[in-house]
Amino acid sequence: MTITDVPQSAAPETRVSRPPTAASDAPESVSGAPEGVSGTQKRNPIKPKRDRLMTALSLAAAIGGTLVGVIGFAMSYSTLAKVALSWGFSEKLAPWFPVGVDASIIAFLALDLYLIRKDTPWPLLRLAAHAMTGATIWFNASSQGEIAADPVKAASHGVMPLLFVIGVEAARRLFIKKAQLEAGTATDRIPLHRWILAPWETPRFYRRMRLYGVTSYPEMIRRQQDLIAYEQWLTRKHDGDLSKATEDERLPMKMAAYGYTVAEALALPEQQEREAEARAEEADRRRLDADTRRQLAQKKAEADRLEADGELEAVRARVEGQTAQARAHARAQVSAAERAAELEGQAIETALVAEARAREAEARRKEAQEREARAAAEVRTAELERQAAEKRRLAAEADQVAAAEAEAIETAKIAEARKRAAEADRAGAETEEAAAEARRRAAEADRLAAEEAERKAVAEASTQEARKREAETEYAAAERRLAAAEIERRALEIEDAAKLTPRERAVRKVARLALTAGLTPIGELDGVQREMARLLSLAAIQDVMQVSPSTASEYRQEAAALLAGGYRP
């Protein structure tokens with residue numbers, strides 16, 4: 001149905017619907033009817049002419065309504081402008097008074113039509129427009145004096161605005177009807193003759209249409225005819241006794257009051273059974289899903305538990321390994337300290353032996369000096385003896401000269417004797433001189449031997465002194481290692497008692513390495529970090545801790561922060 005179709009005053013020839021085969025076989029129709037149940041009719045060949053007629057009528061109504069509105073507003077404007085002057089408005093404001101009143105009517109009605117077009121009507125706009133229209137009619141009617149004195153004259157001034165409102169209301173009704181038809185919500189009116197001919201059934205008929213959204217009057221007639229035909233068919237089926245009909249067969253009569261058609265009512269049991277089955281299937285599916293989720297959750301929890309147990313065992317093994325490694329390292333350090341103490345004892349003994357040897361070398365050096373002094377004395381004695389022998393030789397030569405001088409006097413025998421004596425003296429002097437030279441050479445050899453022995457003694461003493469210093473250095477290092485081992489042992493006991501994590505143990509071990517290296521943790525954190533970086537390299541930390549460079553750097557930073565915070569093992 002379009003906006004130009006005239007609503008039918010009665011239902012077209014309709015068919016009686018065929019009951020579903022689930023109930024029983026029933027006649028198809030009581031009368032021939034065109035296809036379609038909801039008022040669908042065959043194409044009317046006269047419809048194009050009627051459409052042209054309706055278009056012409058709509059155009060004439062639009063032109064006439066516009067003309068009436070223009071004339072009415074023109075007359076109202078003139079009248080209201082004079083009324084405004086008589087009411088005390090100024091000459092400038094008086095012409096605007098009718099514009100405001102009439103413009104408000106047009107604005108409210110136009111906005112009401114626009115909201116209806118957008119399917120969001122607001123009744124207050126329509127009431128406001130009607131109120132302003134009533135005010136305009138009253139103003140126009142009362143502008144000629146008392147209304148009761150000359151009602152015809154007053155009506156002539158007020159009828160034009162009223163005609164404009166009537167035209168707008170007609171357009172509003174047209175807009176509403178068209179919007180309902182386009183939205184599929186247009187509701188047919190029940191013909192007046194039905195209210196007159198069926199005064200008791202029509203209210204129930206109207207109630208069912210409004211409560212259950214049946215907008216087509218022919219559709220409602222068809223439903224009523226279907227229900228009557230089904231009831232008659234069911235009565236014939238059970239030989240006039242409807243009490244023999246089953247509950248499912250009586251459903252259309254019971255559900256008709258609730259807006260159900262015969263087919264919908266008969267399909268209810270099967271539909272409800274399907275819905276019940278669907279609900280049961282959905283419940284089973286949800287139960288199976290819940291069981292599956294529960295099993296998955298249990299398996300996941302079991303897997304998480306096993307994974308947690310595995311991680312716990314791995315951590316426990318790692319901690320035990322690190323603890324065992326630390327303890328072995330501590331035992332190794334204690335053993336090294338004990339070995340250092342033993343080496344220290346040996347070094348002390350070596351130092352004592354070296355000191356004894358140094359004293360012995362000093363004694364030998366002094367003895368060599370004494371021998372050298374004695375050799376020097378002997379050399380001087382030999383020199384003196386040589387000088388004496390030289391003197392005796394000279395004396396012998398003098399005697400020989402004297403003997404030669406006295407040869408003439410002495411006899412040859414005496415001279416020979418003297419000569420032999422002089423030669424013997426000379427030979428004795430030479431022998432003594434050779435002996436003195438031999439003694440001098442022996443003394444010189446003894447002196448050189450003493451000097452060599454002294455040099456050897458000095459070298460031996462220096463070697464022993466160096467060994468002593470090395471032993472003292474080794475002893476000091478052994479003492480430091482022993483102290484470090486003791487500190488490490490006490491720190492391990494404290495860490496075991498405190499149940500520290502492996503990382504905390506590692507950081508404290510790096511801190512102890514820094515203290516052992518000579519770090520003095522005094523001052524701010526930056527200073528401690530710089531001093532630790534200078535004394536303890538990352539390579540040393542890697543060698544001791546067996547970690548990567550990045551981990552060694554992290555250990556050194558955390559150890560510096562720990563020492564700066566006051567940690568002392």
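**Helices, rings and charges: a short tour**

By salt bridge I mean a side-chain nitrogen of Lys or Arg within 4 Å of a carboxyl oxygen of Asp or Glu.

Before we go on, a word on the model. It is a predicted one, so local features need pLDDT of at least 70 and side-chain atom pairs count only at pLDDT 80 or more, while totals for chains, interfaces and linings use all residues. Residues are numbered from 1 along each chain as its sequence is written, and side-chain values use heavy atoms, leaving out hydrogens and water.

Now the overall picture. How many helices and strands does the chain have? There are 14 helices and zero strands. Helices (H or I, at least four residues) and strands (E, at least two) are DSSP runs, numbered from the N terminus. Of the 569 residues in the chain, 26% are buried. Take the contacts, meaning heavy atoms within 4.5 Å, that have a separation of 6 or more: 60% of them are between residues 24 or more positions apart. The accessible surface of the chain is about 36700 Å², and carbon and sulfur atoms account for 58% of it. Areas like that come from the Shrake-Rupley method with a 1.4 Å probe, and for residues only the protein chains shown count as cover.

Y77, W87, F89, L93, W96 and V99 make a nonpolar patch of about 640 Å². Patches are made of residues with over 30% relative accessible area and no salt bridge; like charges are joined within 9 Å and nonpolar side chains (Val, Leu, Ile, Met, Phe, Trp, Tyr) within 5 Å. If you want to find W87, look in the loop between α1 (47-86) and α2 (96-117). W87 counts as partly exposed because its relative accessibility is 46%.

Next, the rings. A pair of aromatic rings is described by the distance of the centres and the angle of the planes. Rings of Phe, Tyr and Trp (its six-membered ring) pair if their centres lie within 6.5 Å; planes under 30 degrees apart count as stacked, over 60 as edge-to-face, and the rest as tilted. By this rule there are three aromatic pairs. One of them is W195 with Y206, a tilted pair at 6.0 Å centre to centre and 55° between the planes. W195 sits in helix α5 (residues 192-197) and Y206 in helix α6 (residues 201-211), so this pair links distant parts of the chain, eleven residues apart. W195 is partly exposed at 35% relative accessibility, and Y206 is partly exposed at 34%.

Another pair is F205 with Y217, which is edge-to-face: 5.8 Å centre to centre, 70° between the planes. F205 lies in helix α6 and Y217 in helix α7 (residues 217-237), so the pair ties together parts twelve residues apart in sequence.

The structure holds 23 salt bridges. In helix α9 (residues 262-405), D309 and R305 are four residues apart, about one turn of the helix, and their salt bridge has its closest N and O atoms 3.1 Å apart. D309 is partly exposed at 33%, as is R305 at 41%. Elsewhere, salt bridges that share partners join E219, R222, R223 and D226 into one network. Within it, E219 and R223 bridge with closest N and O atoms 3.3 Å apart. Why are they about one helical turn apart? Because they are four residues apart in helix α7. E219 is buried at 13%, and R223 is buried at 18%.

Terms used: Buried < 20%, exposed > 50% of the residue type's maximum accessible area, 1.4 Å probe, protein only.
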